[in-house]
Amino acid sequence: MTYPIVRSAVTQDKARRENGEMVMNHVYGTCVHVMNRYLKRIEREKDPVKRKDLYRRMKIAVMAALGHDYLEDFVYLSEDFLRNKMVQHMTVDTNTESPLKRTGISGLPKDTNPFSREKESVLRILRMLNKPPKGDPLREMYLEHNLFDHYEGDGDEDRVIASEVKCADRLHNMKTMEKKSAKRKISYCKETGVIIDLVFRAQAEWQGADFQDDLIALTNVTMDRLNILGVRRDSAEADT
């Protein structure tokens, strides 16, 4: 599902992230984190109605994870491009639908495209996760601003999913930051601490919030990174 959308944006000279990782790897990794999180919850849930709703929310979360990474890594392209690519590629069964369209059959139900049903939710989540540019006074606190102080949703679902996506994105970042400088790693750990604090607050305040797995995973990976940095610092001091 993600490949044709990411491929549409990748150009040969901009196919890697700052740390040297292939852009597609990060997108796939974040989506996998989101899906694993939901599949664990679905496996634990016995109520068929609630299971169905979890599948619906997983679909929104995966599309939002894909879109968030896309807009983050390809800032020179627009939300409209993303919207068009999602509509073009995010079909339930492209093996069935695409050949039908090529033969000239029209009037296919809109429900064959999951993005058409959840489009507005996905786009609202992407706007909440959109980090302001450098120099913007809200850059350092945009998540608190968008998810708490100035949240305008009718219910908590959009901001719950937005937080799930952000946790998955950050978890993958923390696991793949080896090539970053020590200063940047420390900065990432501090930022992750802020995310953990906000998610812990959300767990207590928002309806439908279930961030237990996220909190454990982010806390563990952050502590691991800090321990590694501490060991390397001690080793460097011992050598001097």
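Modeller: Accessible areas here come from the Shrake-Rupley method with a 1.4 Å probe, and for residues only the protein chains shown count as cover. On that basis the chain exposes about 13700 Å², with carbon and sulfur atoms supplying 53% of it. Bear in mind that this is a predicted model: local features need pLDDT of at least 70, side-chain atom pairs count only at pLDDT 80 or more, and totals for chains, interfaces and linings use all residues. Residues are numbered from 1 along each chain as its sequence is written, and side-chain values use heavy atoms, with hydrogens and water left out.

The chain has 10 helices and 0 strands (DSSP runs numbered from the N terminus, H or I of at least four residues for helices, E of at least two for strands). Of its 240 residues, 43% are buried, meaning under 20% relative accessible area.

Now the pair: H8 (residues 157-175) packs on H9 (residues 182-205) at an angle of about 155°, their axes 11 Å apart. The axes are lines fitted to C-alpha atoms over the stretch in contact, and angles run from 0 to 180 degrees between N-to-C directions. So H8 is roughly antiparallel to H9, a label for angles over 145 degrees.

From H8, the contact (heavy atoms within 4.5 Å) uses Lys166, Cys167, Arg170, Asn173 and Met174; H9 brings Tyr188, Cys189, Glu191, Thr192, Ile195 and Val199. By class, that's 6 nonpolar, 2 polar and 3 charged residues, where Ala, Val, Leu, Ile, Met, Phe, Trp, Tyr, Cys and Pro count as nonpolar, Asp, Glu, Lys and Arg as charged, and the others, Gly among them, as polar.

Methods: Parallel < 35°, antiparallel > 145°, perpendicular 65-115°, else oblique. Buried < 20%, exposed > 50% of the residue type's maximum accessible area, 1.4 Å probe, protein only.
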